[in-house]
Amino acid sequence: MDRIRIRGGSALNGTIPVSGAKNAALPLMIASLLTDDTLTLENVPHLADVEQLIRILGNHGVDYSVNGRRENQGKSYARTIHFNARSIVDTTAPYELVSKMRASFWVIGPLLARMGEARVSLPGGCAIGTRPVDLFIEGLRALGTEIDIEGGYVVARAKKGLKGAHYKFPKTSVGATHVLMMAASLADGETVLKNAAREPEVVNLAECLNAMGAKISGAGSPTIVIEGVPTLSGARHRVIPDRIETGTYALAVAMAGGDVLLEGARTDLLESALASLGRTGAEVTQTNAGIRVRRNGSGIAPVDVTTEPFPGFPTDLQAQFMALMTRAKGQSRITETIFENRFMHVQELARLGARISLDGQTAVVEGVDSLKGAPVMATDLRASVSLVIAGLAAEGETLINRVYHLDRGFERLEEKLSACGAEIERISA
Ligand code: UD1
């Protein structure tokens, strides 16, 4: 298994190209199941999760071809991928595939809308909590789906097609919003979704569906209105820049010090996180080329954050922000409201010398003057990158094990950081 070795203490200076967003690419790829025409996606990041979803879609009969491996004068590996689901050969998504990547459960929406049936494995537990699927089931039932749970599978049937309906999510869910938006696009009549997720990835998906002929308005607000259409066509659509990758590198610069341009990044995708970062003492500016982050000499001020659905502080940056706060001049409180059990990084950060105590949903972080390198273990995608950030500022060597978590969501992380002066390398097993 690959490991990452970091020798801390170097400032970051230079340019980091921001990749296409994993969390936008995945639902967009799944949307290809809605049409027998070709859906072309630009700026698709090269990540383990994307490759896994390509395999899952292939199982349903989706063909794909890739081109444009090197865009932006060779600085990015962004790809353009053509997906074609002319014939859907299988409406079952098996446990072996769904259990590897939770987002693959989302195929339930398009399969049901287009084929009138879907049999999708329950995703099971995962490292950051139980993550149930009750909202998907309730929402799809509201659209006229008969749903049974049989042998660990959600068996969904709508033989006469889906019917538009009014549905209010009892809790905001990004995935359930994606799925209901896709399903309602091919339903008969109007669907109104209330308390919908407002994340930029929801807007990106709605824009793609509209380019395919759907009639969706209100995405990005809590109320989304979808006028069903009989069929959707192909389209060409661009994946938005990854706001979590952006925030992660911005926090890395604040931690290590230096001056970095996050090329292609957009402040409007993560205003809340950038505002918190600014309060720590880092300078953040939007330029024509992207976001510039600087911290030179000044200490890191402690800042409290609470994770919330968009436009609040994202849960996917909580671990990285905590890493920065381990070196702050004073105490900060970090509260997680989206996922239970999303504090596995606390113990690993403690191995580097961080002082963190847990008080229910809140981590209380006492900033320390220095961290010291140590071997640590990545436990999930965002937790593992928080260890990279901590390692950049730790004295000596930090060795991060189980790097496959990083590869699920960060494209060429060690290459991007070392180009800015970090001493970081991958040790292949
Ligand atoms: C997406 C993101 C993930 C991010 C999360 C929250 C992708 C691929 N993943 O995950 O990176 O951390 O949004 O911003 O885009 N819930 C229920 N019942 C359900 C569905 C969800 O109770 O049926 C709960 C979840 O357990 C969680 C909360 O709702 O507590 C939010 O989860 P949700 O927004 O659905 O997360 P994902 O879409 O899985």
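A crossing of two helices is left-handed if the near helix is turned anticlockwise from the far one by less than a right angle, and right-handed if clockwise. The views below come from a predicted model, in which local features need pLDDT of at least 70, side-chain atom pairs count only at pLDDT 80 or more, and totals for chains, interfaces and linings use all residues. Residues are numbered from 1 along each chain as its sequence is written, and side-chain values use heavy atoms, with hydrogens and water left out.

**View 1. Packing of helices α5 and α6.** Helix α5 (residues 134-142) and helix α6 (residues 174-185) cross in the right-handed sense; helices (H or I, at least four residues) and strands (E, at least two) are DSSP runs, numbered from the N terminus. The axes of α5 and α6 lie 9 Å apart at an angle of about 25°, where axes are lines fitted to C-alpha atoms, for helices over the stretch in contact, and angles run from 0 to 180 degrees between N-to-C directions. The two helices are therefore roughly parallel to each other (angles under 35 degrees count as such). Residues L135, F136, G139 and L140 of α5 meet G175, A176, V179, L180 and A183 of α6, contact meaning heavy atoms within 4.5 Å.

View 2. The whole structure holds three aromatic pairs; rings of Phe, Tyr and Trp (its six-membered ring) pair if their centres lie within 6.5 Å, and planes over 60 degrees apart count as edge-to-face. The ring centres of F105 and F136 are 5.3 Å apart and the planes stand at 85°, so this pair is edge-to-face. F105 lies in the loop between α3 (95-98) and α4 (108-115), and F136, 31 residues apart from it, lies in helix α5.

View 3. Three bridges join β10 to β11 (residues 190-194) in the parallel sense, and Y167 has L193 as its bridge partner in β11.

**View 4. Strand β17 and its partners.** Six bridges pair β15 (residues 258-263) with β17 (residues 290-295) in the antiparallel sense. Strand β16 (residues 283-287) also pairs with β17 in the antiparallel sense, over five bridges, and the two form a hairpin with two residues between them.

How values were computed
Pairing = 2+ DSSP bridges. Parallel < 35°, antiparallel > 145°, perpendicular 65-115°, else oblique. Phe/Tyr/Trp six-rings, centres within 6.5 Å; stacked < 30°, edge-to-face > 60°.
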